[in-house]
Amino acid sequence: MFLLKLSLQGRDGPLKMEAREFWLVANKIYHLSGKLLGPGNGSFMLMVRSMLNQQLWYQIGFVESLRHVLLQRTLFDRSFDTNNQLFLEKTGIGLDDYYKISFYLLTVAGKAESNRVVKWSLSSFYSHLSPAISDDVLIGFLELVAITFPKLHDFMQDFIVEDSNSVELYQETPLKNKPIIVESEGLVIFNSGLCISGLRSIAMEILKSCEPFTTKFGHDVEAYIGERLRITPMDVYSLSDLNGVIPIKVGRIADYVVVDGGEVFIFESKAIIPSVLMKCVYDPDWLSRLLKESFIKGVEQGQETASKLLASEKFKGMKARIVVVTLEDFFVYGGEYLGSYIRPDLEKELTEVYGSLPVPMQDVIYMTLKDLNTLTEWLQDKSVGSLSALFRDVEEAERQPGGSRFSLSQHINERVGPEVIGAVGFGGTLEKTNGEMQELLGGNKCYWKSQHPVSYMRAFSRFRDKLLQRFE
């Protein structure tokens, strides 16, 4: 994808590259990463993190991507009227229509292997989705997620890195924003894995750019986390529940406190996803500045909450852990990784504030919302103390040769994942989406069957002409 980006940013020349020459250049780019690490070039572990972020983003499978999209839609539906209006103002199409068309195309792309090209006829696209979805909405959707071949060069000019920074090698391809090519007779999904990942990220990127969205969405995610925690047998305390137990009106307090036997888990919600730079930067100082406001702030809030909790009669003497919940994986395991590779002075700063560290950095963990869903589902029928026991097992595994992981998600998948199946945390959205797609595809099929073939050809011809005109 990096080679494709560079070639599209340049201009046509008189020479034609043969297959052998192409593979020589591709292999040289592949081996570039081995030459980047040197004095002053940052941490080896952070460079590996950048490589993981880039590679795993493309390798998320079809089913896993569907889970991401369904969870995303579940969260957006909590403030649907506001989010739909913001999305409509930005794109000209509503969220429900965006998801209907996206799920249709996700199914098309999901039939192929992740790095395969998929060609889908424009006639199939139109007959399956029209007339239930209007021509203007279908065209508006494609304008949002697609591009034509001749416009790729101009599109790529916005992504030129002037200083040739080595971080560019690990950046996500800009083509994730335009994962579909429009041709006169069809749609070209030039990489099915990229299309699947792109479609699940576009809606979030659009809404993130709307100022009213951020605060409201943060509250929605926080409330959702509380609901998930409360399906477990553990004691869950919200901010209001702690009023009178600790001074909550002063300072920064985490969102939830969970008591599991003799241990306290402090959950802080951060409705954040890593930006392009957060994923690819491997310079510790630069990365620390990027993560300061939300990602690192979650640890600071957790430590302040722990300091107040452990000083109270109710929680005195308990072992405390901090769990910062993010929307997507940042591939930063927890406090120890944060202190060792990104923010070495953080532990010292916290110790100066509190006299001693309320929660040791090895007991500070980052967890994705998807993993929280899996974990709370698993805990539903488990006895009190199960969460504490799981975390002790994970701690022990991290100490063993070959047991360390870049993300808690890997431990959750290995230890809990096999016991948890189904639409965890988004069952209602899955049911709603399945119903919509059956009605959409079934209704359109019945409609066009009832029409004369000439009527369909005229309608399709008008749609195609209008679409190609808009992409000129």
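Me: Leaving aside neighbours within four places in sequence, which residues is Asp371 in contact with?

Reply: Happy to start there. Contact means heavy atoms within 4.5 Å. By that rule, and with its neighbours within four places in sequence set aside, Asp371 touches Ser409, Ile412 and Asn413. A word on the source: this is a predicted model, where local features need pLDDT of at least 70, side-chain atom pairs count only at pLDDT 80 or more, and totals for chains, interfaces and linings use all residues. Residues are numbered from 1 along each chain as its sequence is written, and side-chain values use heavy atoms, with hydrogens and water left out.

Me: Which helix holds Asp371, and with which side chain does the side chain of Asp371 make a polar contact?

Reply: Helices (H or I, at least four residues) and strands (E, at least two) are DSSP runs, numbered from the N terminus. Asp371 sits in helix H17, residues 369–379. A polar contact is a pair of N or O atoms within 3.5 Å; within protein, one must be able to donate a hydrogen and the other to accept it, and residues adjacent in sequence count only if both atoms are side-chain atoms. Here the partner is the side chain of Ser409, at 3.0 Å.

Me: Is Asp371 buried or exposed?

Reply: Buried means under 20% relative accessible area, exposed over 50%, and partly exposed in between (1.4 Å probe, protein chains only). With a relative accessible area of 2%, Asp371 is buried. Gly403 also counts as buried, at 10% relative accessibility. Gly403 lies in the loop between helix H18 (386–399) and helix H19 (408–415). Apart from neighbours within four places in sequence, Gly403 is in contact with Ala397, Glu398 and His411.

Me: What do the totals for the chain come to, in helices and strands?

Reply: The chain has 21 helices and 9 strands. Of its 472 residues, 50% are buried. Among contacts with a separation of 6 or more, 78% come from residues 24 or more positions apart.

Me: At what angle do helices H5 and H20 pack?

Reply: Axes are lines fitted to C-alpha atoms, for helices over the stretch in contact, and angles run from 0 to 180 degrees between N-to-C directions. Angles under 35 degrees count as roughly parallel, over 145 as roughly antiparallel, 65 to 115 as roughly perpendicular and the rest as oblique. Helix H5 (residues 62–76) packs against helix H20 (residues 427–450) at about 105°, with the axes 9 Å apart. H5 is therefore roughly perpendicular to H20. Leu70, Arg73 and Thr74 of H5 meet Thr429, Leu430, Lys432, Thr433 and Glu436 of H20. For classes, Ala, Val, Leu, Ile, Met, Phe, Trp, Tyr, Cys and Pro count as nonpolar, Asp, Glu, Lys and Arg as charged, and the others, Gly among them, as polar. The contact of H5 with H20 has 2 nonpolar, 3 polar and 3 charged residues.

Me: Which residues is Thr429 in contact with, leaving aside its neighbours within four places in sequence?

Reply: Thr429 is in contact with Leu70, Arg73 and Thr74, once those neighbours are left aside. Thr429 is buried, with a relative accessible area of 8%.

Me: How far apart are the axes of H6 and H11?

Reply: The axes of helix H6 (residues 80–91) and helix H11 (residues 192–208) are 10 Å apart, at an angle of about 90°. The two helices are therefore roughly perpendicular to each other. Asn83, Leu86, Phe87, Lys90 and Thr91 of H6 meet Ala203, Ile206 and Leu207 of H11. By class, this contact has 5 nonpolar, 2 polar and 1 charged residues.

Me: How many aromatic pairs are there?

Reply: A pair of aromatic rings is described by the distance of the centres and the angle of the planes. Rings of Phe, Tyr and Trp (its six-membered ring) pair if their centres lie within 6.5 Å; planes under 30 degrees apart count as stacked, over 60 as edge-to-face and the rest as tilted. The count comes to 22 aromatic pairs. Tyr98 and Phe141 have ring centres 5.5 Å apart and planes at 45°, so the pair is tilted. This pair links distant parts of the chain, with Tyr98 in helix H7 (residues 95–110) and Phe141 in helix H9 (residues 135–145), 43 residues apart.

Me: Is Tyr98 buried or exposed?

Reply: Tyr98 is buried, at 0% relative accessible area.
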